[in-house]
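Student: I would like to learn how to read the packing of helices and strands in a model. Please take me through an example.

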Amino acid sequence: MKHFLTSLAALLLFYSVEAQGHARTKHLFVITIDGFRWQEVFTGADPSLVANEEYVRDTALMRSLYWDSTAGLRRKKLLPFFWGTIAVQGRLYGNRLLGNKVNVRNWYKISYPGYNEIFTGHTDAFSSPNLPVNNKHVNVLEYLNRSEEYKGKVAVFTSWNVFPYILNESRSGLPVNSGYERLNEDQYPEAGLIDSVQNTMRPGKTRHDMLTYLTAREYIREHHPSVLFLGFGETDECAHSGRYDLYLQQASDLDRMISDLWYYVQTDPYYKDSTTFLITTDHGRGWKTNKWTTHGFWAEGSGDIWMAVLGPDIRPEGELRAKGQVYQKQIAATIATLLGDPPAPGHPPGKAIGFPARPRPAGLALTPAPDGFSAAR
Ligand SMILES: [Zn+2]
């Protein structure tokens, strides 16, 4: 009898932790910062690069903007939203200096395979890995868009114009606005204004992130999607051009945009306290001073990435200090799980990353769940 009661208590505890675990997230925004390294996320401006005249036009000015005596102060200067808000209210995975690791699992460590891994959970071989070729896999956004609950409530805004292929827009039917694609909405004047600015730009593969952000924000304001993917791209562009100064400036701008979006979400009754942000990157970059501009199979460090989560079900712990390992290919299943795993055809493979439940209000406290690392696979 005693054994039975203990098992029953354990079972009840399990279900209450599960139930409270992902009960409040109704909306999920996935945000990616292309090729942004964990080194800058966790230690701010890199001492070997910020004063390097090969990569920075005005080293004195860069130092006055982003340099400080400790990594803790530098990262705050570079990414005030990450270290002022996410570090207090959310969780940051991937500080390898503490043995906390996030890695990509695909061989290539470039963009298409990285986004494929994030959104489909697959790490397969590609013959032409970065070209605009339709993806054969069902992605998690498409999966959610096929579910009762999220049908017609999913939207995608990206700077890089290959996403319509990565997410197979023509098959999936997801609304994907990429590159210098107009919003084409005449119902509200702001969209027309942004479109008219886009028309003046010289078309390229990657739209200015600010325009991607403003386009998405107007859409969010007007349509209130429940699942949003916002893909930023200029950090990778600046890094490939060897401009560490512009890479830092762009990262700092993106931190500000994400902060603006979080503020918007938390002051809109539709989204407030029911929206989770999951922020990550498609790949890392070389860790050596002469290799940071590039990434791929041959550039050591390109598979090392990071992830941040913030939302009503996420127990705040800031920077995770425990040793652990999660993989990019777990993110697709994690996205579905955070939204309560609504049933639909084509569930993404991979084991979702488990987040420890947020404690209940005083008086109802439960034993803390184990830390959020799932077994590596
Ligand atoms: Zn790149």
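Student: At what angle do the axes of helix α11 and helix α12 cross?

Tutor: Two packed helices are described by the angle between their axes and the distance between the axes. This is a predicted model. In it, the axes of α11 (residues 189-200) and α12 (residues 209-223) cross at roughly 160° and come within 10 Å. Angles over 145 degrees count as roughly antiparallel, and α11 and α12 are therefore roughly antiparallel to each other. The crossing of α11 past α12 is left-handed.

Student: Which residues make the contact?

Tutor: From α11, Glu 190, Ala 191, Ile 194, Val 197 and Gln 198 take part, and from α12, Leu 211, Leu 214, Thr 215 and Glu 218. Sorted by class, the contact of α11 with α12 has five nonpolar, two polar and two charged residues.

Student: Now the sheet. What is the order of its strands?

Tutor: The sheet is open and has eight strands, in the order β5-β4-β6-β1-β7-β9-β2-β10, and the pairing is mixed.

Student: Which strands stand at the edges?

Tutor: β5 (176-178) and β10 (318-319) do. Each has a single partner strand, so one side of each is left without a neighbour in the sheet. For β5, pairing with β4 (residues 154-158) is in the parallel sense, over three bridges. Thr 158 has Ser 178 of β5 as its bridge partner.

Student: Which strands does helix α14 touch?

Tutor: α14 (residues 244-266) packs on the sheet and touches β1 (27-33), β6 (227-232) and β7 (275-280). The direction of α14 makes about 170° with that of β7.

Terms used
Residues are numbered from 1 along each chain as its sequence is written. This is a predicted model: local features need pLDDT of at least 70, side-chain atom pairs count only at pLDDT 80 or more; totals for chains, interfaces and linings use all residues. Axes are lines fitted to C-alpha atoms, for helices over the stretch in contact, and angles run from 0 to 180 degrees between N-to-C directions. Helices (H or I, at least four residues) and strands (E, at least two) are DSSP runs, numbered from the N terminus. Angles under 35 degrees count as roughly parallel, over 145 as roughly antiparallel, 65 to 115 as roughly perpendicular and the rest as oblique. A crossing is left-handed if the near helix is turned anticlockwise from the far one by less than a right angle, and right-handed if clockwise. Two residues are in contact if their C-beta atoms, placed from the backbone, lie within 7 Å. Ala, Val, Leu, Ile, Met, Phe, Trp, Tyr, Cys and Pro count as nonpolar, Asp, Glu, Lys and Arg as charged, and the others, Gly among them, as polar. Two strands pair if DSSP finds at least two bridges between them.
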